[in-house]
Amino acid sequence: MELENIEKQIEELKAQVAALDKKAPENKISMIVFSGDLDKALASFIIATGSVAMGMDVVMFFTFWGTPMMRDKNKHVGGKDLMGNMFGAMLPKGVDQTKLSKINMGGMGTAMMKSRMKKKNVASLPEMISMAGELGVKIYVCEMSMDLMGFKREEMIDYPSIEFCGVAKFLEEAANSKVQLFM
Amino acid sequence: MSEEIKADKVMDLKGLPCPMPIVKVSQGINDIEVGQVLQAISTDPGSLNDFPAWARTSGNEILKTEQSEKEFSFYIKRVV
């Protein structure tokens, strides 16, 4: 009788542990890159590549001002409306055109920072992105931001793992992540 | 009595800033067998905090840290 009781309890505990296992977050970091500033993008990719080194899976979501950076400067697509063309021209086409959020000074500050980064051996944004790709960092781009700004999938960068999604995909990943960041 | 630790692989990470030292080491550790020792030499002062943090997180062990004026040398035993 007693033994039966214990067996039953063990079964219950096993089921509970299994349920908890399912709920436990994965060793993963989810990042929203909202900003289109050079500095914040750089920080984002340093954290992303560092996270891989720390053994974590990394998922990055590019939304709003972060979206234009994910365009490939060498890709040109037609068939856009007037506003689409205007946004396309006004926003940075690719990471090379991003600017510092402070002391940009008409581009002079950004140029100075870039040359200093080079001198100090700090990886440039394009280098960071290609490294992130090699390390298996996943990139998602917000479909609605692209639609608002008139961007098409065909003009986005060539990256090993780039997909397009909405808020639900981010939330699914974030809910299963140990770390969530908004940049 | 400081015992000499023999490194099975040496990684020269001098001149590399964050996050490269730990990115490289996290890859380089896979080139040695469990139980072997990797020596990583960095000039990034942040490494003094970063390498132990990386080792704790990845489950590897730093056997010894040597520090000169500009260089930091970590002897890392691959545990996992």
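Two strands are taken as paired if DSSP finds at least two bridges between them. In this predicted model, five strands of chain A pair in that way to form an open sheet, in the order β4-β3-β2-β1-β5 and with parallel pairing. The edges of the sheet are β4 (162–165) and β5 (177–182) of chain A; each has a single partner strand, so one side of each is left without a neighbour in the sheet. From one strand to the next, the twist averages 20°.

One pairing can be followed in detail. Strand β1 of chain A, residues 26–33, runs parallel to strand β2 of chain A, residues 57–62, and six bridges join them. A:Met31 has A:Met60 in β2(A) as its bridge partner. Strands of a sheet pair through backbone hydrogen bonds, either parallel or antiparallel.

Helices come next. Helix α2 of chain A, residues 38–53, packs on the sheet and touches β1, β2 and β5 of chain A. The direction of α2 makes about 170° with that of β1(A). Helix α7 of chain A, residues 167–175, lies across β1, β2, β3 (138–142), β4 and β5 of chain A, and runs at about 140° to β1(A).

The remaining topic is the meeting of the two chains. Ten residues of chain A are in contact with twelve residues of chain B. On the chain B side, the elements that give two or more residues are α1 (20–28) and α2 (47–58) of chain B. The largest share, four residues, comes from α1(B). By residue class, this side of chain B has eight nonpolar and four polar residues, and no charged ones.

Note on methods:
Residues are numbered from 1 along each chain as its sequence is written. Chains are lettered from A and ligands numbered from 1 in the order in which they are written. This is a predicted model: local features need pLDDT of at least 70, side-chain atom pairs count only at pLDDT 80 or more; totals for chains, interfaces and linings use all residues. Axes are lines fitted to C-alpha atoms, for helices over the stretch in contact, and angles run from 0 to 180 degrees between N-to-C directions. Two residues are in contact if their C-beta atoms, placed from the backbone, lie within 7 Å. Ala, Val, Leu, Ile, Met, Phe, Trp, Tyr, Cys and Pro count as nonpolar, Asp, Glu, Lys and Arg as charged, and the others, Gly among them, as polar.
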